[in-house]
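The report below describes one protein model for a reader who meets it here for the first time. The sequence and structure come first, and the description follows.

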Amino acid sequence: MGDSPHILKRGSLFAMFCLSYLPLFLLLAIKILFEKFNRFKFVEISLDSIKLFISEFGFLALLTFLTVYAIVGTKLTFKNISKKKRNAFPVKVTSIRPKNEESLSYLATYVIPLMIQGNIDTYNYIVFSILFFIYYKLYSTSSLILINPILNMKYGLFELDYIHCSNNKVKRNALIISSQKWIEEEEELKLLKLSHRLYYAYKN
């Protein structure tokens with residue numbers, strides 16, 4: 001089997017997934033710091049001190065890594081998208097429906113930190129890891145890829161029906177993300193395929 005023709009590879013999908021959970025990472029990091037900051041102290045580096053740091057602040061370090069990965073990975077993904085504009089094809093919009101409001105319901109998944117009552121312990125880490133993995137598997141195989149509350153602060157998200165400019169007899173449907181916050185019916189766009197029925201849209 002060859003490589004996937006889609007622009008959004010596994011690394012990009014995971015980066016965008018993590019980006020959508022930046023508010024959650026921030027909430028958890030604040031909770032950990034409030035609980036454990038008084039335990040932080042500079043000591044001589046040794047095997048025991050490393051084990052202690054991992055047990056007390058390992059999860060915080062993981063959240064920091066995921067945050068950096070999300071920001072850098074998403075920036076590189078969109079940089080790669082901009083390099084492939086030449087592969088976009090022209091279409092004419094026949095109907096369009098904004099979808100940014102779906103990001104609000106997506107934020108409901110941030111109830112995860114509410115489940116972590118009291119001190120954070122190994123059980124909480126396991127619960128978080130399992131739920132995080134399940135959400136990622138669902139995210140990476142659905143339109144949730146583009147329903148991202150952080151991305152949608154900058155980009156518009158729309159579901160549209162369109163016809164290809166070279167064949168105006170066949171109407172198709174797609175979910176698009178665009179730097180344009182406002183797109184009207186009858187406008188001409190160029191679509192770049194990101195994944196199955198998911199596209200990045202440019203003004204024609």
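Helix α6 (122–140) has 19 residues, and its first and last C-alpha atoms lie 27 Å apart, close to the 27 Å expected at 1.5 Å a residue. The expected span of a helix is 1.5 Å times one less than its number of residues. Helices (H or I, at least four residues) and strands (E, at least two) are DSSP runs, numbered from the N terminus. Asn124, Tyr125, Phe128, Phe132, Tyr136, Tyr139 and Ser140 are the buried residues of α6. Because these buried residues fall within an arc of 105° when seen down the axis of α6, they line one face of the helix. The arc is taken over the directions from the helix axis to the C-beta atoms. On the face of α6 turned away from its buried side are the exposed residues Tyr123, Phe133 and Leu138. Here buried means under 20% relative accessible area, exposed over 50%, and partly exposed in between, with a 1.4 Å probe and protein chains only.

The model is predicted: local features need pLDDT of at least 70 and side-chain atom pairs count only at pLDDT 80 or more, while totals for chains, interfaces and linings use all residues. Residues are numbered from 1 along each chain as its sequence is written, and side-chain values use heavy atoms, with hydrogens and water left out.

**Overall organisation**

The protein chain contains six helices and five strands. Read from the N terminus, its elements follow the order α-α-α-β-α-α-α-β-β-β-β. Of the 204 residues in the protein chain, 42% are buried. Among contacts with a separation of 6 or more, 72% are between residues 24 or more positions apart; a contact means heavy atoms within 4.5 Å.

Helix α1 (residues 10–20) is largely enclosed by the rest of the structure, because eight of its 11 residues are buried. The buried residues of α1 are Ser12, Leu13, Ala15, Met16, Phe17, Cys18, Leu19 and Ser20.

Helix α2 (residues 22–36) comprises 15 residues that should span 21 Å at 1.5 Å a residue, and the 21 Å between its end C-alpha atoms agrees with this. Its buried residues are Leu22, Leu24, Phe25, Leu28, Ala29, Ile32, Glu35 and Lys36. They cover an arc of only 155° around the axis, so they are on the same side of α2. The exposed residues Leu26 and Phe34 are carried by the face of α2 turned away from that buried side.

**The second largest pocket**

The second largest pocket has a volume of about 220 Å³. On a 1 Å grid over the protein atoms alone, a pocket is an open set of points where a 1.4 Å probe fits, with protein on both sides within 12 Å along at least five of seven lines; lining residues have an atom within 4 Å of a point. Grid points are joined across faces, edges and corners, and the volume is the space filled by probe spheres set on them. The lining consists of Leu19, Ala70, Ile71, Thr74, Lys75, Phe78, Ile150, Leu151, Lys154 and Tyr155. Helix α3 (residues 47–83) supplies the largest share of this lining, five residues. By type, the lining residues are seven nonpolar, one polar and two charged. Ala, Val, Leu, Ile, Met, Phe, Trp, Tyr, Cys and Pro count as nonpolar, Asp, Glu, Lys and Arg as charged, and the others, Gly among them, as polar.

**Individual residues**

Which residues does threonine 77 touch, not counting those up to four places away in sequence? They are Leu8, Ser12 and Met16. Threonine 77 is placed in helix α3 and counts as buried at 4% relative accessibility.

Asparagine 148 lies in the loop between α6 and β2 and is buried, with a relative accessible area of 0%. Beyond its neighbours within four places in sequence, asparagine 148 contacts Met16, Leu19, Ser20, Ser103 and Tyr139.

| Residue | Relative accessible area |
|---|---|
| Glutamate 186 | 48%, partly exposed |
| Glutamate 101 | 46%, partly exposed |
| Cysteine 165 | 39%, partly exposed |

Glutamate 186 is in the loop between β3 (167–178) and β4 (188–195) and has a positive phi of about 75° although it is not a glycine. Glutamate 101 belongs to the loop between β1 (89–98) and α4 (102–106). Its C-alpha atom is separated by 9.2 Å from that of asparagine 152, 51 residues apart along the chain.

Cysteine 165 sits in the loop between β2 (156–164) and β3. Leaving aside neighbours within four places in sequence, cysteine 165 is in contact with Pro90, Val91 and Lys92.
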